[in-house]
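Subject: Structure handover

Hi,

Here is the structure I promised to pass on. Please open it next to this note. My findings follow below.

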Amino acid sequence: LPSLSLPSSMHLIQVDSVQRWMEDLKLMTDCECMCILQSKPISIEKDEQNELILSSQYSTCDNLQLLLKRAWIISTELTRIAQKLEKNRWQRVHNMTVRVNCHVRSMINEYNTFTRNSSEEMHQFEKILIDKCSEFTAFTERCIQTEDEQILKSMKSCVNETLTTIARYFGQLIELVLTHEAQNLLRKIELSDSVYITEPALSSLFSLTQEGAHLCRIIAKEGGVVTLFKICRQDCFRCLYPQTLRTLASICCVEEGMHQLEKVDGILCLADILTDNTHSEATRAEAAAVIAQITSPHLTFTQHLSSFLENMEEIVTALVKLCQEASSGEVFLLASAALANITFFDTMACEILLQLNAMKILLAACSDKHIVDTPYSRDQVVTILANMSVLDQCASEIIQGNGVQLLMEMLFERSSSGNSAEVAACERVQQKSAVTLARLSRDPEVADAAVKLSCIPRLIKLCRSPPERNNSDSVLVACLAALRRLALMCPDGLEDSDFQQLVKPRLVDSFLLCTNMEESFV
C-alpha cells in the first residue's frame, strides 16, 4: 500500500490516545449510521436544514479540520486493512472495508455541504472513489463466503491491487480538495480590500499551514508567499502584519516557500519592516521570526538566498536593537534566534555583531530574568557567544561584560519541568557554554577568570556524573575539550587523578571512561 501524503497525520497521532478516541467517537458514530443509510438523506424534503450537515455552524477552517480528521481515519483504516490482509483475516478485512466505504461517503458528503464550487475533476474523483469502495466492499464480501484456500489465495492479489487503487485515488482527491481550499482562501485575500474580510481568511490560511509541510507546499505552489507579501506592502493592512508574517514563517519551512520569497524580494521587504520604527514591536518580532526560519541551519536549501547577504548588515543591526529594547521574553527569543541562525549562515555576521556591541547587550539581557526567562532564550544567547568566540577580540568583551560568570551559570542549566524539548534545550546550553569556554580560554585572562570561578570542578562533575549532563554525549565531549584547554592554561587547577583520567589520555579514551562510569564513582 503506497503511503498517503496526509498533512494532518503527524500532529494527530501525537495527541493523548483517550483524547484522540473522544474526538473520533462522533465520526465513528456517524459512520455506523451511514452503514445503514448509505449516504441517503434522513428527510426527502429539499429543506437544507434537514440535510445531514455535521459542521454547518463552523467556519471554513473548522470544516477543513473535520475533513482532515476524517481523512486521517480513512488513511489509518486503509493501512490496517493491508495489515489484516497480510494475515489472511478476511472477516476483519471485510468489516474494515465496510467502515472505509462509509467514511469515504461521509467525508465526501460533509465536504460538499460546505463547498459549493468544487471542480468537475473533483467530482469525477469522488465518483470513482465511491465506485471503487463499493466494488471493494462487494469483493471482500465474496471473499468471506469462500472457504477454499486456493481461491482466496488467488483473490488476495486482486484485493491488494484494489486497495492500492483506492489509496491512490483517495490521496489524489485529498490533494485536490486541499489545493482547492488553498486557492479559495488566497483568492479571497487577493481580492479583498477590507481588514474584516482578510483577517478571517488569513486566520484560516495560518491554520492550514499548521497541518504540516505538505500543506505548506501546496500553499506556496498556489502563490501564497506572493499574496502574503502583497499584504505586507500595503499600509491599510498594517494591523494584520503580525498575523501575515507568522503565516509566512510557517510556509517558508519548505523549499517552495523559500524560492517564492526570493522571487518577490521578500528579504528586502523584511529588512524594511525590521528597520522601520513606526512598525509595532509585534510586527518586527514576527519579521524576526521569518528571518529565523529562512536562515535555520537545519535547512539544506538556503544557498539561493543571495539577497540576504546584500541586506545582512541592516537586518543584523535591527535585530540587535530589537533584542536591546525587547519588552518581553518572547520578543527577545525571536530576535535572538534570528541572530543565532545568522551567525551560522555567514561568518561576517559575527564581525558586525562585534562592531554593534552585541556581546554587551546580550550579556546585559541575560541578567534580566523577565527577558531571558527560559532555556530556549539562553540557548540562543550562548549560540551567538559560541560563534562569536572564534574572534580574538571577543575575549575582552566577555571579561568586561562578566560573561565568564554567565557561562559558568549556564553549566548548571537544568530543566524545571522535565519536558523533553526543554531538557534538550538545557543540554544545548551546557554544551555550547563549554564550547565557548574552550574557545575563549585561549586568552589567559579568560582562563584565569574561569579558574577563579571554579569552572574546573564543575566541568569535572559534568564529565564524571552522567545525570548532571542528562547522559548527553555531546555535553561530555564539550566539557572534556574545555577542561583540557583550561588544564593547559592553568595546570595547577586539577588533582592528579583528574589529570590522569580526563586530560592526559586521548580524548576518545577519556570519553569512553566517562560514558562507562557508574553514579557511585563520583
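A residue is called buried when its relative accessible area is under 20%. Ser-250 has 16% relative accessibility, so Ser-250 counts as buried. Its place is in helix α10. Leaving aside neighbours within four places in sequence, Ser-250 is in contact with Phe-206, Thr-209, Gln-210 and Cys-216. Bear in mind throughout that this is a predicted model.

**Overall fold**

The chain has 26 helices and zero strands. It runs to 522 residues, and 52% of them count as buried. Take the contacts between residues at least 6 apart in sequence: 75% of these join residues at least 24 apart. The accessible surface of the chain is about 24400 Å². Carbon and sulfur atoms account for 51% of that surface.

**The core**

The largest nonpolar core has 158 residues. Leu-261, Ile-291, Ile-294 and Leu-319 have the most contacts inside it. Which helix gives the most to this core? That is helix α6 (residues 149–191), with 17 residues.

Not counting residues up to four places away in sequence, Leu-319 touches Leu-274, Ala-288, Ile-291, Ala-335, Ala-338, Leu-339 and Ile-342.

**Helix α9**

Helix α9 (residues 224–231) is mostly covered. Six of its eight residues are buried. They are Gly-224, Val-225, Thr-227, Leu-228, Phe-229 and Ile-231. What covers them? The cover includes α6, α7 (195–209) and α8 (213–221). It also includes α10 (241–251), α11 (255–263) and α12 (266–275). Two of these names came up above: α6 gives the most to the core, and α10 holds Ser-250.

**Aromatic rings and charges**

The structure holds two aromatic pairs. One of them is formed by Phe-308 and Phe-345. The pair is edge-to-face, at 5.1 Å centre to centre, with 90° between the planes. Phe-308 lies in helix α14 (residues 306–325) and Phe-345 in helix α15 (residues 329–345), so the pair ties together parts that are 37 residues apart in sequence. Phe-345 is at 22%, so it counts as partly exposed.

Two arginines sit over rings. The charged end of Arg-168 is over the ring of Tyr-169, 5.3 Å from the ring centre. Arg-458 lies over the face of Phe-412, at 4.1 Å from the ring centre.

**Cysteines**

Cys-232 has 5% relative accessibility, so it counts as buried. Cys-426 is buried as well, with a relative accessible area of 4%.

Best wishes

Conventions. Residues are numbered from 1 along each chain as its sequence is written. This is a predicted model: local features need pLDDT of at least 70, side-chain atom pairs count only at pLDDT 80 or more; totals for chains, interfaces and linings use all residues. Side-chain values use heavy atoms; hydrogens and water are left out. Rings of Phe, Tyr and Trp (its six-membered ring) pair if their centres lie within 6.5 Å; planes under 30 degrees apart count as stacked, over 60 as edge-to-face and the rest as tilted. Helices (H or I, at least four residues) and strands (E, at least two) are DSSP runs, numbered from the N terminus. Buried means under 20% relative accessible area, exposed over 50%, partly exposed in between (1.4 Å probe, protein chains only). A charge sits over a ring if NZ of Lys or CZ of Arg is within 6 Å of the ring centre and within 35 degrees of the ring normal. A nonpolar core is a set of buried Ala, Val, Leu, Ile, Met, Phe, Trp, Tyr and Cys residues joined through side-chain atoms within 4.5 Å. Contact means heavy atoms within 4.5 Å. Accessible areas come from the Shrake-Rupley method with a 1.4 Å probe; for residues, only the protein chains shown count as cover.
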